[in-house]
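Work through the exercises below with the sequence and the model open, and try each task before reading its solution.

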Amino acid sequence: MKQDTLRAAVLISGTGSNLKALINAVESSGLKLNIVRVVSNREDAPGIGHARAASIPVSVISHTEFPDRQAHDAAVAEVLQQDRAELIILAGYMRILGEDFANQYCGRMINLHPSLLPLYKGLDTYNRALKSGDSETGASIHFVTAGLDSGPVISQIKIPILPDDDAASLSARLGPLEHQLLVATVELFCNRQISYQQGTVLYQNKIMKHPLQLKPDSLFF
Ligand code: GRF
């Protein structure tokens, strides 16, 4: 059955390399995603340049201009509603979203996080993995629910931690793989293969017991 192109908004705060990976996949690999808007909470986010270069509408909604989190969230939600975004992709969005916003977009919002969730929610994930003596690290994509980095995990990619690794080397090795993970996972949404049901992930309409693992050498789950 032919599906319409999925309308998505991408929220960023920084470099936007994951946004760029999505744009490349749309332009070069036929990803059936319509990025209807990019929202940044920082006007100096370099990632805004990727959106403008691809003629994607950009809204800079600076959290500093609102009295509280709820008011800022409401301004973001208003823009997303106007654009009729079906999927909200947090790609390096460094603001915590409030409970109301998370509930409003429950099942329609995903986040990319640089750890093997449920390990290391929050910041400084590579150093925390190194300090714990972990043998591997990675990235996860999860549905966003109220609670920091807590929603059900959809997909992951893992890499080994090598003896000489530091946070910079892990970030350098994982960065390109995060891009692949995001594109592959968003493609599942475009094909309507992933959905959310009461705190669980449905993959092809069945409850997923474990996150999908992207194989770095094959680029397939
Ligand atoms: C990524 O490492 C992602 O895991 C984290 O923020 C970073 C975003 O990078 N949430 P970029 O802005 O997409 O380059």
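**Exercise 1: the cysteines**

C106 is partly exposed, at a relative accessible area of 31%, where partly exposed lies between buried (under 20%) and exposed (over 50%), with a 1.4 Å probe and protein chains only. This is a predicted model, in which local features need pLDDT of at least 70 and side-chain atom pairs pLDDT 80 or more, while totals for chains, interfaces and linings use all residues. Residues are numbered from 1 along each chain as its sequence is written, and side-chain values use heavy atoms, leaving out hydrogens and water.

Solution. Begin with the criterion, a pair of cysteine sulfur atoms within 2.5 Å. C190 itself is buried, at 4% relative accessibility. The structure accordingly holds 0 disulfides.

**Exercise 2: the ligand**

Task: determine which residues surround the ligand, and which polar backbone or side-chain atoms approach its oxygen atom.

Solution. First list the shell, which consists of T15, G16, S17, N18, G92, L112, P114 and E178, each with a heavy atom within 4 Å. Next examine the polar contacts (N or O pairs within 3.5 Å): a polar side-chain atom of N18 is 2.7 Å from a ligand oxygen, and a polar backbone atom of T15 is 3.4 Å from a ligand oxygen. A ligand nitrogen, in turn, lies 3.0 Å from a polar backbone atom of L112. Finally, of the 370 Å² that the ligand exposes when taken alone, the protein buries 80%, by the Shrake-Rupley method with a 1.4 Å probe.

Methods. Polar contact = N/O pair within 3.5 Å; in protein donor to acceptor, adjacent residues only side chain to side chain.
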